[in-house]
Every structure is written in structure tokens, then in C-alpha cells.
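Colleague: I'd like to learn how to read a model like this one, feature by feature. Could you walk me through it?

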Amino acid sequence: MHVQVVVFGGGSFGTAMACALASQKSQLNVTLLLRDPYVCKGINEQHVNTRYLKEYVLPSNVVATTSATEAIQGAQYAIHAVPVQHSRAFLKSIADILPPDVPIISVSKGLEMGTGKMMSEVIPDALGRRQPAAFLSGPSFAKEMMDLRPTGVVAASKDKKLAREMQCLFASPYLRVNITTDVTGVEICGALKNVLALAAGIVEGLDLGNNAMAALVAQGCAEIRWLAEKMGAKSATVSGLSGLGDIMLTCYGSLSRNRSVGVRLGRGDALADILASSSQVAEGVATAGVVVSLARTYRVSLPVLTAVAQVLDGALSPKEAVFEIMNLPQIEES
Ligand SMILES: NC(=O)c1ccc[n+]([C@@H]2O[C@H](COP(=O)([O-])OP(=O)(O)OC[C@H]3O[C@@H](n4cnc5c(N)ncnc54)[C@H](O)[C@@H]3O)[C@@H](O)[C@H]2O)c1
Ligand SMILES: O=P(O)(O)OC[C@H](O)CO
């Protein structure tokens with residue numbers, strides 16, 4: 001059967017998602033909805049995204065347009081790969097064009113500044129209605145997916161039938177897709193692991209060694225578990241692909257943008273300079289501030305995750321943050 005998919009956002013992950021679908025399923029047509037006409041031209045004429053992952057040739061069943069009407073026309077699924085902080089405005093702009101029965105599959109990982117909301121809350125807020133939705137997350141660097149390296153993700157939806165449809169849509173010899181109904185767990189783990197990856201990068205940048213890194217990641221995992229479970233996440237989700245799986249990838253994987261920002265902070269670079277030198281999003285930077293208010297709301301102590309926010313807003317230097325954490329009262333494990 002001929003299936004048409006629209007991808008919102010043609011950055012690294014939007015491009016990787018488009019290719020993961022189109023290269024494995026020739027009966028699928030994928031349209032990337034972008035903002036830059038020159039990037040569209042490159043995709044349509046040379047089959048190359050000239051801004052992101054430019055070393056790869058894209059399948060010919062991936063096309064691009066700047067017209068939302070054209071991109072959405074006839075689409076059975078919409079993959080959302082716009083950074084979280086821009087998602088509300090973007091979704092509002094297409095609310096009248098997107099048919100209410102087209103499922104949105106969000107791959108964006110983060111929490112909205114100001115509201116503290118997850119994508120599962122931003123989507124209905126922005127569209128002004130309940131849209132069928134699923135949330136795809138897990139350890140999945142865009143570049144490794146482009147290289148067809150084996151990858152495992154989880155698709156979360158309150159609608160189990162839609163989650164199963166995600167398995168049929170995305171599964172391939174290179175991509176395994178687990179399913180769950182635990183949307184909160186998958187979304188909060190995907191957002192918090194970016195903040196922990198910033199901390200892991202800081203430890204790397206300060207050259208604190210393997211002992212410190214392992215202790216930090218273990219403490220961060222505990223903090224993510226404490227908060228996620230208070231928010232209603234299942235423990236299986238926290239120890240699954242979108243939790244532990246993505247924590248390990250992002251904290252230890254050199255391809256992580258969040259970890260790279262942390263490394264530079266640890267080496268003494270200023271946040272403004274780091275952000276100005278990259279065209280790619282590191283969602284953890286915005287999410288860190290939201291975590292501080294979540295810690296307050298859910299009355300849970302998150303020393304590592306909240307220290308990241310303090311380093312980002314300049315209240316603590318990376319070295320001071322480490323000193324503060326090392327001098328916290330000794331505790332019993334929980
Ligand atoms: N890159 C990865 O390996 C990866 C893997 C899994 C999930 N993700 C998640 O996917 C989301 C997108 O990440 P990415 O890696 O593609 O980021 P990116 O920085 O590579 O690209 C971001 C894309 O969003 C577009 N964009 C930015 N502001 C926009 C706006 N106001 N309206 C419309 N489009 C806008 C940009 O033009 C660009 O195409 C993030 O939430 C990220 O956490 C990324
Ligand atoms: O490069 P990062 O740090 O945004 O991480 C990318 C993905 O979320 C890894 O699963």
C-alpha cells in the first residue's frame with residue numbers, strides 16, 4: 001500500500017527519520033517540511049540535505065518543501081522533529097492545515113520553558129484539540145541511524161493500536177521498536193537524560209576520571225528515577241530504552257550534542273560562546289531550568305540535575321558544582 005508521511009523539521013533527526021522510513025520502504029513517500037528554500041532545492045535536486053548530515057545521499061522517495069499545505073496534503077502520519085522550545089509556535093501555525101485524524105509522532109526530547117510541559121501536553125495545547133499522538137524515544141543518534149547501524153527505540157502512546165502501527169511503520173532490519181502506554185515515563189526520561197548528559201560532559205571536561213563519571217551517572221539515574229516515578233512513570237520505562245538506554249548513550253557517546261556542550265563548559269568555555277558556535281539544538285540547556293521547578297513541585301531532591309541548571313545560569317562554576325555535590329551529607333541508598 002502507498003503510504004505518505006510528512007516530517008516537520010529537517011534537522012539531523014528529521015532527516016534521519018525520513019531516511020529510516022524511505023530507505024527501508026520503497027512504497028513510502030516522505031516529505032520534509034522545512035523553512036529554507038535552498039535546503040529544499042538541495043534535497044529535491046541533489047538528494048542531499050546541505051545543512052544537516054550533508055555527507056549522506058538521501059533516498060529518492062524523500063522530497064522537501066517549505067509549503068505546509070503541500071507537505072501535509074495526503075499525509076497519513078506526521079513525524080514531529082522540531083525542537084521543543086519552537087514546537088508550540090510551529091504547531092499553532094499548522095493547526096488549521098493538519099487534519100485532526102492524522103497521528104503526530106513526536107521525536108523531540110525536552111520540556112517547554114515557562115510551562116514545564118511535555119510534548120504530549122504541548123501538542124493538544126497548540127493545536128487546540130486532541131490529536132492522535134505517539135512519542136518515539138530511546139538511544140538513537142541520527143548519524144548512526146543514517147549509517148544503518150542497529151538501533152532500538154520505544155514508541156509510547158495511550159492508544160495501543162497506534163503504538164502497534166508505529167511498530168509496523170518504523171520497524172526494519174536496522175530498527176527495533178518496543179511499545180508502551182507509559183507516555184509520561186518515555187517523555188520525562190527523554191527530557192531528563194539530556195540534562196544528565198550535560199553533567200557527564202562537565203565531568204569529562206574537568207577531567208575528573210572514570211570513578212567520578214560512574215558515580216555521577218549512577219546518581220543521575222537515581223534522580224531521574226525519583227522524579228519520573230513521582231510523576232507517574234513506570235519503573236520498567238526508567239530502566240528501559242528511553243531511560244537507562246538513552247542515559248548510557250548520551251552520557252558516554254561522543255556524538256551527543258548535550259554532552260559536548262557539557263565538555264566545553266567543564267573546560268571553561270562560556271555558555272553563550274558554546275551555543276553561538278553550534279547550529280544544532282542541545283535540548284538539555286532549556287530543560288535544565290524546568291527541572292528545578294519540577295523538583296520543587298514534586299518535593300524531590302535532585303542535586304546533580306539542579307546543579308546543571310546552576311552552572312548554566314552562572315550561579316556556580318563547574319568546579320564549585322562538583323565541590324557542592326561532594327560535600328552533601330552522606331546518605332543511605334534509595
Ligand atoms: N539528532 C539526534 O540524534 C536526535 C535523536 C533523537 C531525538 N532528537 C530530538 O529531535 C529533536 C530535533 O533535533 P535535531 O537533532 O533534528 O535538531 P537540529 O538542531 O539538527 O535541527 C533542528 C531543526 O528544527 C528546525 N527548526 C528550528 N526552529 C524551528 C522553528 N521555529 N520552526 C520550524 N522548524 C524549526 C531547524 O531548522 C532544523 O531543521 C530534538 O528535540 C532532539 O532532542 C535528536
Ligand atoms: O545529541 P543529543 O545529546 O541531542 O542526543 C541525541 C539523542 O537524543 C540520543 O538518543
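**Reading the model: a buried lysine first**

Modeller: Let's start with K193, which has 31 C-beta neighbours inside 10 Å and so counts as buried. The rule is that a residue is buried if 20 or more other C-beta atoms lie within 10 Å of its own, exposed if 12 or fewer, and partly exposed in between, with C-beta atoms placed from the backbone. Before we go on: this is a predicted model, where local features need pLDDT of at least 70 and side-chain atom pairs count only at pLDDT 80 or more, while totals for chains, interfaces and linings use all residues. Residues are numbered from 1 along each chain as its sequence is written, and chains are lettered from A and ligands numbered from 1 in the order in which they are written.

Colleague: Fine. Which helix does K193 lie in, and what does K193 touch?

Modeller: Helices (H or I, at least four residues) and strands (E, at least two) are DSSP runs, numbered from the N terminus. K193 belongs to helix α8. For contacts, two residues qualify if their C-beta atoms, placed from the backbone, lie within 7 Å. Leaving out residues up to four places away in sequence, K193 touches I224, D246, I247 and T250. The UniProt annotation "active site", from an unreviewed entry, covers K193. UniProt positions are given in the numbering used here, feature names are shortened, and annotations may be inferred rather than shown by experiment.

Colleague: Which residues does UniProt list for "binding site"?

Modeller: The unreviewed UniProt entry lists K109, R257 and N258. They span 150 residues in sequence, yet no two of their C-alpha atoms are more than 12.7 Å apart, so they gather at one spot. K109 sits in the loop between β5 (104-106) and α5, and is buried with 31 other C-beta atoms within 10 Å. Its contacts, again skipping residues up to four places away in sequence, are S137, G190, A191, N194 and E283. R257 is in helix α12, is buried with 21 other C-beta atoms within 10 Å, and touches Q280 and A282, not counting residues up to four places away in sequence.

Colleague: How do I read the domains, and how far apart are the centres of domain 1 and domain 2?

Modeller: Domain bounds come from an automatic or database domain assignment. Here the protein chain is divided into domain 1 (3-181) and domain 2 (184-326). Their centres, taken over C-alpha atoms, are separated by 25 Å. The contact takes 24 residues from domain 1 and 25 residues from domain 2. On the domain 1 side, the elements giving two or more residues are α4, α5 (119-127), β6 (133-137), β7 (151-156) and β8 (175-180). The largest share of that side, 4 residues, comes from β7.

Colleague: Now the ligands. Where does ligand 2 lie relative to domain 1 and domain 2?

Modeller: A residue is near a molecule if its C-beta atom, placed from the backbone, lies within 6 Å of it. Both domain 1 and domain 2 give residues to the shell around ligand 2, so ligand 2 lies between them. Of the 13 residues around ligand 2, S140, D246, S256, R257 and N258 come nearest. Helices α8, α11 and α12 (257-266) each supply at least two residues of this shell.

Colleague: And which residues come nearest to ligand 1?

Modeller: G11, S12, F13, H86 and S108 come nearest, of the 24 residues around ligand 1. At least two residues of the shell are supplied by each of α1 (12-22) and α4 (84-94). Ligand 1 also lies between the domains, because domain 1 and domain 2 both give residues to its shell.

Colleague: How do I check a helix, say the span of α9?

Modeller: The expected span is 1.5 Å times one less than the number of residues. For the 21 residues of α9 (residues 210-230) that should be 30 Å, and the end C-alpha atoms are 30 Å apart, which agrees. Its buried residues are L216, V217, G220, C221, E223, I224, L227 and A228. What covers them includes α8 (183-205) and α14 (284-297).

Colleague: Last one: is D207 buried or exposed?

Modeller: Exposed: D207 has 9 C-beta neighbours inside 10 Å. D207 is in the loop between α8 and α9, and its phi is near 60 degrees, a positive value in a residue other than glycine.
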